[in-house]
Each structure stands twice: as C-alpha cells, then as structure tokens.
Amino acid sequence: MESVWWAFSEMYKKGLVYRGTKIMPFSTACNTVLSNFEAGSNYKDVSDPAVIVTFPTLKDPNVAFIAWTTTPWTLPSNLALAVNPKLDYVKIKDESNGKIYWCMNERLQYVLKQCKIAKHTVLETLKGEALCGTEYEPIFNYFNERKAQKCFTVISANYVSTDAGTGIVH
C-alpha cells in the first residue's frame, strides 16, 4: 500500500494527477458503484495472473524460497514470506543447474512443472515452523531500512494452503 501511495504522490508532484468526473456503472441491487473489473468481467470465470519468484536466503544465497503470488504488482513492497507452520516443506536441488529451492511438499509437483525442473533431488524435509525466522534477500531494496524491524523473514501463517501455488506466499 505504501508503494501505491508513493507512486501516486510522485505522479501528483509531476502534475499528472487531476480532478475530473467519470460516469461509473452502478448496481441498483447493491446500491453501490461497480468497479471496472466487476463491470468488465461480466461475472465470468477469468484467470488471474500469478507469478513465481525466488528469494535467496541470507544464510546461503545458493538456497532460495520459491514464493507464489496472485498480486505481482505488490512485489516492490514485499516485507515477508509466509509458510504454513504445520505442513511439510522440502529443500530440492534442480539437477540441471544445481540451484536449490524450498517449497511445500504437497505443492512440489506444481513447482516442478511451473519451473520446468525435469530432474530433482530432495535434500531435506522440515515443518514450516522450522523455516520461520529465516531471513531472505528482498528482490527490491526499497525497504532495506526495515531489516532491523524483522522484515524480510519467513513468518507463520495458517492461511497458507495446499490448494494453489508453491506453499510459500509473498
């Protein structure tokens, strides 16, 4: 959210923001304005964008967390990665390039397919709670001053589920 407000203030300073009027679609049933997304999607099932991003650990930059997000535009303001403390996570080695990644065990097949990993070796299996507190390198340095406040660490989150993504949520 801070990134959005910062970007808006920069546009305002450059004179790119103006006050005007716009005709908006209105729901008489809900008695509220509809967003462009609601009006444009026509309430059809649509595919949301999702991205997989790697975050190298500080302890060993050769090991990275594979995180998943359906809101890639929020990546510049990333402050934490979330794992489910009760579920199993695996450290795997991509045999084609030697890179090492952490992901949820139940989401391993998805990760292998999405990352085009043909051959891998499982190096370690841990509960998510064991990963909590692990520090990682952010992909952008906009909030580096927040490292002292325990930002850029893995946190526990029971909402991380087995039904989508990598099991590590940005």
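Q: Which residues is Thr-166 in contact with, leaving aside its neighbours within four places in sequence?
A: The model is a predicted one. In it, Thr-166 lies in the loop between strand 9 and strand 10 (168–169). Leaving aside neighbours within four places in sequence, its contacts are Ile-52, Ile-66, Ala-67, Trp-68, Cys-103, Met-104, Arg-107, Tyr-110 and Val-111.

Q: Is Thr-166 buried or exposed?
A: Residues under 20% relative accessible area are classed as buried. The relative accessible area of Thr-166 is 0%, so Thr-166 is buried.

Q: How many Å separate the backbone oxygen of Ile-66 from a polar atom of the side chain of Thr-166?
A: Ile-66 is among the residues in contact with Thr-166. The backbone oxygen of Ile-66 and a polar atom of the Thr-166 side chain are separated by 2.6 Å.

Q: Which residues does Ile-52 touch, not counting residues up to four places away in sequence?
A: Ile-52 has its place in strand 3, and its relative accessible area of 30% makes this residue partly exposed. Not counting residues up to four places away in sequence, Ile-52 touches Ile-66, Ala-67, Trp-68, Tyr-110, Gln-114, Cys-115 and Thr-166.

Q: How many Å apart in space are Ile-52 and Asp-88, C-alpha to C-alpha?
A: In sequence, Ile-52 and Asp-88 are 36 residues apart. From C-alpha to C-alpha, the separation in space is 19 Å.

Q: How many Å apart in space are Ile-139 and Val-53, C-alpha to C-alpha?
A: Ile-139 belongs to the loop between helix 4 and strand 9, and is partly exposed at a relative accessible area of 34%. Beyond four places in sequence, its contacts are Val-53, Thr-54, Phe-55 and Leu-75. Although Ile-139 and Val-53 are 86 residues apart in sequence, their C-alpha atoms are separated by 8.7 Å.

Q: Which elements give two or more residues to the largest nonpolar core?
A: The largest nonpolar core has 22 residues, of which Phe-55, Phe-65, Leu-81, Tyr-89, Trp-102 and Ile-168 touch the most other members. Two or more residues come from each of strand 3 (51–56), strand 4 (63–69), strand 5 (80–83) and strand 7 (100–104).

Q: How many residues are in the second, separate core?
A: This second core is separate and includes Ile-66, Val-90, Tyr-101 and Ile-117. Its size is 10 residues.

Q: What accessible area does the nonpolar patch on the surface have?
A: The patch is formed by Met-1, Val-4, Trp-5, Phe-8, Met-11, Tyr-12 and Leu-16. One of these, Tyr-12, is found in helix 1 (residues 2–13) and counts as exposed because its relative accessibility is 57%. Together, the patch residues have an accessible area of about 850 Å².

Q: What is the phi of Lys-116, a residue other than glycine?
A: Lys-116 is in the loop between helix 3 (108–114) and strand 8 (120–127), and counts as exposed at 72% relative accessibility. Most residues other than glycine have a negative phi. For Lys-116, however, phi is positive, near 55 degrees.

Q: What is the phi of Phe-152, a residue other than glycine?
A: The place of Phe-152 is the loop between helix 4 (128–131) and strand 9 (153–156). Phe-152 is buried, with a relative accessible area of 2%. Its phi is a positive value, near 65 degrees.

Key
Residues are numbered from 1 along each chain as its sequence is written. This is a predicted model: local features need pLDDT of at least 70, side-chain atom pairs count only at pLDDT 80 or more; totals for chains, interfaces and linings use all residues. Side-chain values use heavy atoms; hydrogens and water are left out. Helices (H or I, at least four residues) and strands (E, at least two) are DSSP runs, numbered from the N terminus. Buried means under 20% relative accessible area, exposed over 50%, partly exposed in between (1.4 Å probe, protein chains only). A polar contact is a pair of N or O atoms within 3.5 Å; within protein, one must be able to donate a hydrogen and the other to accept it, and residues adjacent in sequence count only if both atoms are side-chain atoms. Contact means heavy atoms within 4.5 Å. Patches are made of residues with over 30% relative accessible area and no salt bridge: like charges are joined within 9 Å, nonpolar side chains (Val, Leu, Ile, Met, Phe, Trp, Tyr) within 5 Å. Accessible areas come from the Shrake-Rupley method with a 1.4 Å probe; for residues, only the protein chains shown count as cover. A salt bridge is a side-chain nitrogen of Lys or Arg within 4 Å of a carboxyl oxygen of Asp or Glu. A nonpolar core is a set of buried Ala, Val, Leu, Ile, Met, Phe, Trp, Tyr and Cys residues joined through side-chain atoms within 4.5 Å.
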